[in-house]
Amino acid sequence: MTDTAKYKGKVLVAGATGKTGRWVVSRLQHYGIPVRVLARSLEKAKALGDVDVVEGKIQNDDDVAKAVEGCTGVISALGSSEVFGEASPGEVDRDGVIRLVDKAALAGVKHFGLVSSMAVTRWYHPLNLFAGVLSKKFQAEEHLRDVFGKEGRSYTVVRPGGLRDGEPLMHDLHVEQGDKLWSGWMNRSDVAEMLVVSLWTEKAKNKTFEVIMEGEDEHRQDSLEKYYDRLAS
């Protein structure tokens, strides 16, 4: 943990007990930023360490409203795990994120970071065979840009390649805009890092971009903030 937090305020992490969400929590804690999580399971949430836990579901309006209350930032690492039902792309990747965006705006949240996916605009991509997950994610992106693109709010949408495990800040990254990338890999930890630093990085505000690792060779990074300098304004 750093001595002085770079961001003042509490951040809600949705999807915090998932693989990427756990990294988001860890990187927030690294920077000394207070964390709240919305979780269905108190037992899983307790494993995240020193976090404020709101027990509830992303499908429930009251639970989401309670979770965002008093937070200045939100990072969503929500992701579906089933084709049908409450864990489906329609319920989670689209409706869940949209509900979170709306409740966050009403609660006065200033910045919203979202984990999306490369190829979200390509309905014919093989990943979209999973219950139209890419199309659902894109609909949620569009809603976020509409609501948080207004004066007084901001957003950052990260569209990573295929997600895998690994320590943060160990690889050169390649960023693109316009959904031009078709394949590539990205460490979940670096996705988390990009979204956490977006909280205080001005050039990250109101940006949507794709990101993958440049290659397998390790090259220690001091910070990932520099990659925001490579994005179009």
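**How do we know? Questions about a predicted model**

Reader: What is R122 in contact with, leaving aside its neighbours within four places in sequence?

Author: With those neighbours left aside, R122 is in contact with L134, D179, K180, L181 and W182. Contact means that heavy atoms come within 4.5 Å. Before we go on, this is a predicted model, in which local features need pLDDT of at least 70 and side-chain atom pairs count only at pLDDT 80 or more, while totals for chains, interfaces and linings use all residues. Residues are numbered from 1 along each chain as its sequence is written, and side-chain values use heavy atoms, leaving out hydrogens and water.

Reader: R122 is a charged residue and it is buried, so what makes you say that R122 has no salt bridge?

Author: A salt bridge needs a side-chain nitrogen of Lys or Arg within 4 Å of a carboxyl oxygen of Asp or Glu. The nearest side chain of opposite charge to R122 is that of D179, at 4.5 Å, and this is beyond the cut-off. Lys and Arg count as positive, Asp and Glu as negative, while His and the chain ends are not counted.

Reader: How do you know what D179 itself is doing?

Author: D179 is also buried without a salt bridge, and R159, the nearest side chain of opposite charge, is 4.4 Å away. The side chain of D179 does reach the backbone nitrogen of A119 at 2.8 Å. D179 sits in the loop between strand 8 and strand 9, and R122 in the loop between strand 5 (111-115) and helix 5 (133-148). Helices (H or I, at least four residues) and strands (E, at least two) are DSSP runs, numbered from the N terminus.

Reader: Why is the pair of F112 and F148 called tilted?

Author: There are 5 aromatic pairs by the ring rule. F112 and F148 have 5.6 Å from centre to centre and 55° between their planes. Rings of Phe, Tyr and Trp (its six-membered ring) pair if their centres lie within 6.5 Å; planes under 30 degrees apart are stacked, over 60 edge-to-face, and the rest tilted, so 55° counts as tilted. F112 belongs to strand 5 and F148 to helix 5, so the pair ties together parts 36 residues apart in sequence.

Reader: What makes F112 count as buried?

Author: Its relative accessibility is 0%. Buried means under 20% relative accessible area, exposed over 50%, and partly exposed in between (1.4 Å probe, protein chains only). F148 is buried too, at 0%.

Reader: Why is the pair of Y124 and W182 called stacked?

Author: Their planes are at 20° and their ring centres 6.2 Å apart, so the pair is stacked. Y124 is in the loop between strand 5 and helix 5, and W182 in the loop between strand 8 (173-176) and strand 9 (185-187), 58 residues apart. W182 has 40% relative accessibility, so it counts as partly exposed. Ring pairs also link W123, Y124 and W182 into a cluster.

Reader: How do you know that R164 and E216 form a salt bridge?

Author: Their closest N and O atoms are 2.8 Å apart, which is inside the salt-bridge limit. R164 lies in strand 7 (residues 162-164) and E216 in the segment after strand 10 (207-213), so parts 52 residues apart in sequence are tied together. E216 is exposed at 51%, whereas R164 is partly exposed at 22%.

Reader: What makes D165 and R188 a salt bridge?

Author: Here the closest N and O atoms are 3.0 Å apart. D165 counts as exposed at 51%, and R188 as buried at 12%. In total, the structure holds 17 salt bridges.

Reader: How do you know that the buried residues of helix 3 lie on the same side?

Author: In helix 3 (residues 61-68), the buried residues are V64, A67 and V68. They cover an arc of only 90° around the axis, which puts them on the same side of the helix; the arc is that of the directions from the helix axis to the C-beta atoms. On the other side, D62 and K66 are exposed.

Note on methods
Polar contact = N/O pair within 3.5 Å; in protein donor to acceptor, adjacent residues only side chain to side chain.
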